[in-house]
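Subject: Structure handover

Hi,

Here is the structure I promised to pass on to you. Please open it alongside this email, and then read on for what turned up.

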Amino acid sequence: MDRDIVTPLLITFNEIQNIGRTLAKLDWARRIVVIDSGSTDGTLEILAKDPRIEVVHRPFDSFAEQCNFGLTHIRTDWVLSLDADYELSDTFVSELAGLHPTPQDTGYKAAFVYRIHGHALRGTLYPPRTVLYRVGGARYENEGHGHRIRLQGRVLALKSVIYHDDRKPLSRWLASQLKYAAREAAHLLETPRERLGRVDRIRLMGWPAPILVVVYVLFAKGAILDGKAGWFYAFQRLLAEVLLALELLDWRLSALTRSGSVKG
């Protein structure tokens with residue numbers, strides 16, 4: 001694939017700890033589009049130093065709408081959609097140049113290696129994501145606290161990985177998780193049970209998920225062998241599931257109160 005027909009698209013908000021590593025692996029791109037939702041930490045100053053980067057400002061409402069807005073600013077046939085805490089591997093950049101998509105191929109998904117302050121983990125819960133795709137007909141939809149791209153056509157798997165390494169302060173991560181838990185709880189409660197997968201049905205129950213996730217991350221994913229970084233990740237996943245369980249319990253107790261079933 002001619003990399004001149006691919007435009008990287010980044011979504012940013014106060015990514016000073018991450019953006020430099022992300023941009024360092026995009027030296028092949030002729031143009032980079034960034035949708036920023038009000039950064040004040042020096043991110044915009046870093047972006048302004050690179051004449052290839054076009055920054056478009058838009059207040060944040062959802063990840064899906066930020067991405068859909070970003071797609072309207074892509075002039076090439078293909079887009080490489082990245083979070084600002086992603087770092088392309090060298091093999092990914094090489095593989096990108098060697099791709100030969102057919103007319104039926106509309107996208108490529110990549111797996112991720114999760115890093116904690118630069119330390120790669122053996123395995124994580126972070127799923128593969130479609131990151132490279134044709135712009136025509138592409139549309140993002142919100143799904144819980146996340147978002148998913150909808151494409152018409154075949155999506156292939158890339159051999160190379162992308163590194164996920166978010167080095168923003170822990171307080172920022174916690175604040176984000178509080179918002180994500182509320183959105184995820186609403187998604188689980190509003191989705192018909194028969195449409196939920198097995199994992200989401202367990203999460204909907206509330207109490208089992210925090211216990212199961214820490215055991216699964218430590219032993220099934222091997223985080224216990226990753227030292228302090230592994231324990232850090234396991235505790236992050238534990239806390240995220242606890243917050244979700246609290247949101248679900250809070251909603252159910254509030255519903256009982258409104259119905260008059262809870263007595264003081």
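This is a predicted model: local features need pLDDT of at least 70, side-chain atom pairs count only at pLDDT 80 or more; totals for chains, interfaces and linings use all residues.

**Salt bridges**

Searching the whole structure gives 21 salt bridges.

Let me start with D165 and R21, whose closest N and O atoms are 4.0 Å apart. D165 counts as buried because its relative accessibility is 0%.

Next come R31 and E54, with a salt bridge of 2.5 Å from N to O. Here the loop between α1 and β2 (32–36) supplies R31 and strand β3 (residues 53–57) supplies E54, so the pair connects parts 23 residues apart in sequence. R31 is buried, at 14% relative accessible area, whereas E54, at 26%, is partly exposed.

Then there is E141, which pairs with R150 at 3.1 Å between the closest N and O atoms. Both partners are partly exposed: E141 has a relative accessibility of 39%, and R150 has a relative accessible area of 36%. The two also belong to a network of salt bridges that links E141, E143, R148 and R150.

As background, side chains of opposite charge can pair when their charged atoms come close.

**Helix α5**

How far apart are the end C-alpha atoms of α5? They are 30 Å apart, which agrees with the 30 Å that its 21 residues should span at 1.5 Å a residue. The buried residues of α5 are W173, S176, Q177, Y180, A181, E184, A185 and L188. Among the elements covering them are α3 (63–71), α6 (198–205) and α8 (227–259).

**T22**

Back in helix α1, have a look at T22. Is T22 buried or exposed? With a relative accessibility of 3%, T22 counts as buried. Its side chain reaches the backbone oxygen of A84 at 2.9 Å. Leaving aside residues up to four places away in sequence, T22 touches L10, D83, A84, D85 and Y86.

Happy browsing, and do write back with any questions.

Best wishes

Notes. Residues are numbered from 1 along each chain as its sequence is written. Side-chain values use heavy atoms; hydrogens and water are left out. A salt bridge is a side-chain nitrogen of Lys or Arg within 4 Å of a carboxyl oxygen of Asp or Glu. Buried means under 20% relative accessible area, exposed over 50%, partly exposed in between (1.4 Å probe, protein chains only). Helices (H or I, at least four residues) and strands (E, at least two) are DSSP runs, numbered from the N terminus. The expected span of a helix is 1.5 Å times one less than its number of residues. Contact means heavy atoms within 4.5 Å. A polar contact is a pair of N or O atoms within 3.5 Å; within protein, one must be able to donate a hydrogen and the other to accept it, and residues adjacent in sequence count only if both atoms are side-chain atoms.
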